Amino acid sequence: MPVSDDADIELFVFDWVPEMARGHVRDLRPRWAMEEAGIPYRTTPVRVGNKGDYLDLQPYGQVPAMIDNGVRVFESGAILLHLAEKSETLMPRDPAGRAATQSWLLCALNSIESFYFELFFIDAVYSDAAWAKEKRPIAEDFLRKRLQPVSDALGARDWLAGPFTVADIAMATVLRDISGHLPMEDFPTLDAYLKRCLARPAFQRALDAQMADFTGSAPAGFNN
């Protein structure tokens, strides 16, 4: 089991988040990668809103951040690429396979996830606002147009870059979040792809590990 108290890799995670966010915090991505590759890691809890010296490691006080034998990395995409250099399980070693993995990982975070955020905030934060009700169909339509090229490119393949890689971890976690706001069944190729990704045992182990680390309580004044 990759979670080990004496592991060299230290992953910083929140010890509490609201119920709606549990299972979706981005430390799930490096956890999944390390589960796939059998890379041991240990977790260090960070309190929401009580950042202190942690800002020296992660300037926004977010998670994940990671220290690997003194090497400091933050942002989930950067951590995935760092981990991919450790194991061919996470990224092929040939130039074409590496380039495809890196390209699709950045596509997931830049070309898909960044456009999902608008729909998320409309639904989760501003749903009662008149402007949000008017803008939601536009935001959803735009996101649908971002998803179709991924579906077309995937086609009949199982994975984005040939074998399963960190690109699939990034894309699957983004699609999993999106599926809570629009029906993935409208994109049968992506729906089947997402189900293949989430059926991997390493995903469930990573999800269970994240949920087990929520042992803290809500910060004072925080409405859960």
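Tutor: Ser217 counts as partly exposed because its relative accessibility is 47%, a class that lies between buried (under 20% relative accessible area) and exposed (over 50%), computed with a 1.4 Å probe on protein chains only. The model is predicted, so local features need pLDDT of at least 70 and side-chain atom pairs count only at pLDDT 80 or more, while totals for chains, interfaces and linings use all residues. Residues are numbered from 1 along each chain as its sequence is written, and side-chain values use heavy atoms, with hydrogens and water left out.

Ser217 belongs to the segment after H7, where helices (H or I, at least four residues) and strands (E, at least two) are DSSP runs numbered from the N terminus. Setting aside neighbours within four places in sequence, Ser217 is in contact with Trp16 and Arg47, contact meaning heavy atoms within 4.5 Å. Ala99 lies 118 residues from Ser217 along the chain, and their C-alpha atoms are separated by 42 Å.

Helix H7 itself (residues 201-212) packs with helix H1 (residues 28-37), their axes coming within 8 Å and crossing at roughly 130°; axes are lines fitted to C-alpha atoms, for helices over the stretch in contact, and angles run from 0 to 180 degrees between N-to-C directions. H1 and H7 are therefore oblique to each other, the class left over once angles under 35 degrees are called roughly parallel, over 145 roughly antiparallel and 65 to 115 roughly perpendicular.

A second pair is formed by helix H3 (residues 95-124) and helix H4 (residues 130-154), whose axes are 8 Å apart at an angle of about 160°, which makes H3 roughly antiparallel to H4. Their crossing is left-handed, and among the H3 residues that meet H4 are Trp104, Phe115 and Tyr116, with Phe142 and Leu143 among those on the H4 side. Here the contact residues divide into 14 nonpolar, 1 polar and 6 charged. Tyr116, placed in H3, counts as buried because its relative accessibility is 6%, and, not counting residues up to four places away in sequence, Tyr116 touches Leu143, Asp177, Ile178 and His181.

Turning to the backbone, the peptide bond from Val63 to Pro64 is cis, with omega near 10°, and Pro64 sits in the loop between strand S2 (41-46) and strand S3 (65-68). Asn69, in the loop between S3 and strand S4 (71-74), has a positive phi near 50° and counts as exposed at 57% relative accessibility. Glu75, in the loop between S4 and helix H2 (76-84), also has a positive phi, of about 80°, and is partly exposed at 39%. Most residues other than glycine have a negative phi, and most peptide bonds are trans.

Definitions and conventions:
Left-handed = near helix turned anticlockwise from the far one by under 90°. Nonpolar A, V, L, I, M, F, W, Y, C, P; charged D, E, K, R; others polar.
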